[in-house]
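Here's a quick tour in questions and answers for anyone meeting this structure for the first time. Take a look at it, then read on.

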Amino acid sequence: MRLTPGPARDVDLGGVDLFDLDLYTEGDPHPVWDVMREKAPLHHQVLPDGREFWSVTRFEDVCRVLGDHREFTSERGTVPTHLGTDDVAAGVLLTSTDPPRHTEVRRPLGSKLTARAVKSWEDSIRGTIVRFLEPALDGEPFDLAERALLLPAMVTGPLLGIPEQDWAELVQLTAMVTAPSDPHFLQGSEAATLAISHHELLTYVKEWVRTRRASGLEDDSLLHHLMNVRPHGVPLTDEKIALDGYSILLGANVTTPHTVSGTVQALIERPEQFAKAQADPTLIPNLVEEGLRWTSAACNFMRYAVDDVEIAGGTIPARGAVVAWIGSANRDASQFPDPHTFDITRANAKRQVAFGFGPHFCIGAPLARLTLRVFFEELLQRFGSLDFAGEPQHLRSYFIAGMTHLPITAQKRQTP
């Protein structure tokens, strides 16, 4: 998805198709969202096959939809690829449950992913990132977006308990879930791609649990931890462990690579911002927050209205699907002045909602923030300049905003 929008233009909202994949692959959705926030903050669209959904694009409305499970439930599915068909794992899958069950499973996992808890991983993460960046030091073209797909697995694989030989396969499968129409991941049809990836990921976690039970091995990994979670004093079944493990694998793999690529792209396009961060490393945590706001890799989440709900000057009928566009909320000028300017000194960049909002706020956010901070510390310390080595290719997805290719070249920093 193009992150730096083109010039403002007239947009006929009656003719806009927010599920048109070309809009995200080759088009420019930000001018569309700008007009929606101004003129139609509650937008209704009916797809050619009769499915319909409502959209909210303003920051406050997005936070309300994601933050109030009594008005907007997650228990019929939360991603727009499920529109019109209730998620078969809804009400069970960690991402497709409402409190209190969601909270009961989430709480013990969250205790292992606090900022304090993940701090102990910093040295390991730094070593991983140094190895990741090493090939770029020779000055040859380095496809950052393609290589970054594996970065979260390199960082979180040990934390999850996933052996290294399985990382590439799991990265491919999670990418198939989030961008099933992208030619890099498509297998047959979009439906077939989703079915294959769901089946293979669930089978992987089930087999992981079966093997672990058979061996009697115990460790401190997140997947093993799921085996000991007891909502209402009852252990999770292997089926539920597989579904929650599936959620964790998705969350771990799908957004950080695109935040890395999109933020590096922004820095190359704005060398003065690159120089500013390099001159003052204390700005790097805010660079990370601005990068999260700018890229908004998880472009949206879906909810269903429990009853008729009045919002944004209109009404969403009971059981109506509503898509909360995070990519738009993070460019809402009422919250972020001059929102289409990438500014690593932005005072309230941390107010961004790239990790979502409310009960489903990303459980891995502290680990993602740590990974991104270390990544840009090492990048800025090691490289004096970055340049494009080819045209970026955007992910064919209306759910995940990202790139499949971003060729760059890097020059070593002479005086770190």
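Q: Is Ala312 buried, exposed or partly exposed, and what is its relative accessible area?
A: A bit of background: this is a predicted model, where local features need pLDDT of at least 70, side-chain atom pairs count only at pLDDT 80 or more, and totals for chains, interfaces and linings use all residues. Residues are numbered from 1 along each chain as its sequence is written, and side-chain values use heavy atoms, with hydrogens and water left out. Buried means under 20% relative accessible area, exposed over 50%, and partly exposed in between (1.4 Å probe, protein chains only). Ala312 is therefore partly exposed, with a relative accessible area of 23%.

Q: Where is Ala312 found, and what is its phi?
A: Helices (H or I, at least four residues) and strands (E, at least two) are DSSP runs, numbered from the N terminus. Ala312 is found in the loop between strand S6 (309-311) and strand S7 (314-316). This residue is not a glycine, yet its phi is positive, near 55 degrees.

Q: Which loop holds Arg319, and does this residue count as buried or exposed?
A: Arg319 has a positive phi too, near 70 degrees, and is a residue other than glycine. Its loop runs between S7 and strand S8 (321-325). With 53% relative accessibility, Arg319 counts as exposed.

Q: Which two residues does a cis peptide bond join?
A: One of the two, Pro100, lies in the loop between strand S3 (72-73) and helix H4 (101-110). Omega of the cis bond is about 10 degrees, and the residues joined are Pro99 and Pro100.

Q: How many disulfides does a search of the whole structure find?
A: A disulfide is a covalent bond between the sulfur atoms of two cysteines. Here the test is a pair of cysteine sulfur atoms within 2.5 Å. The search of the whole structure comes back with zero.

Q: Which cysteine sulfur is nearest to that of Cys63?
A: Cys63 counts as buried, at 7% relative accessibility. This cysteine is in no disulfide, and the nearest cysteine sulfur is 15 Å away, that of Cys299.

Q: Which residues of helix H14 are buried, and why do they line one face?
A: An α-helix has 3.6 residues a turn, so residues three or four places apart point the same way. In H14 (residues 271-279), the buried residues are Gln273, Phe274, Ala277 and Gln278. Seen down the axis of H14, they fall within an arc of 135 degrees (taken from the directions from the helix axis to the C-beta atoms), so they line one face of the helix.

Q: What covers the buried residues of H14, and which exposed residues sit on the face turned away?
A: With contact meaning heavy atoms within 4.5 Å, the cover includes helix H13 (256-269), H15, H17 and strand S9 (383-388). The face turned away from the buried side carries the exposed residues Pro271 and Ala279.

Q: Which helix gives the largest share of the lining of the second largest pocket?
A: On a 1 Å grid over the protein atoms alone, a pocket is an open set of points with protein on both sides within 12 Å along at least five of seven lines, while a cavity is a set where a 1.4 Å probe fits but cannot get out; lining residues have an atom within 4 Å of a point. Grid points are joined across faces, edges and corners, and a volume is the space filled by probe spheres set on the points, which is about 220 Å³ for this pocket. Helix H5 (115-119), helix H15 (284-295) and helix H17 (365-382) each give two or more residues to its lining. The largest share, four residues, comes from H17.

Q: Which helix gives the most to the lining of the largest cavity?
A: There are five cavities of 30 Å³ or more, and the largest has a volume of about 80 Å³. Its lining includes Leu149, Phe185 and His258. The helix giving the most, with four residues, is H9 (residues 167-178).

Q: Which residues does Thr178 touch, not counting residues up to four places away in sequence?
A: Thr178 lies in helix H9 and is buried, with a relative accessible area of 8%. Leaving out residues up to four places away in sequence, Thr178 touches Leu250, Val254, Ser397, Phe399 and Ile400.
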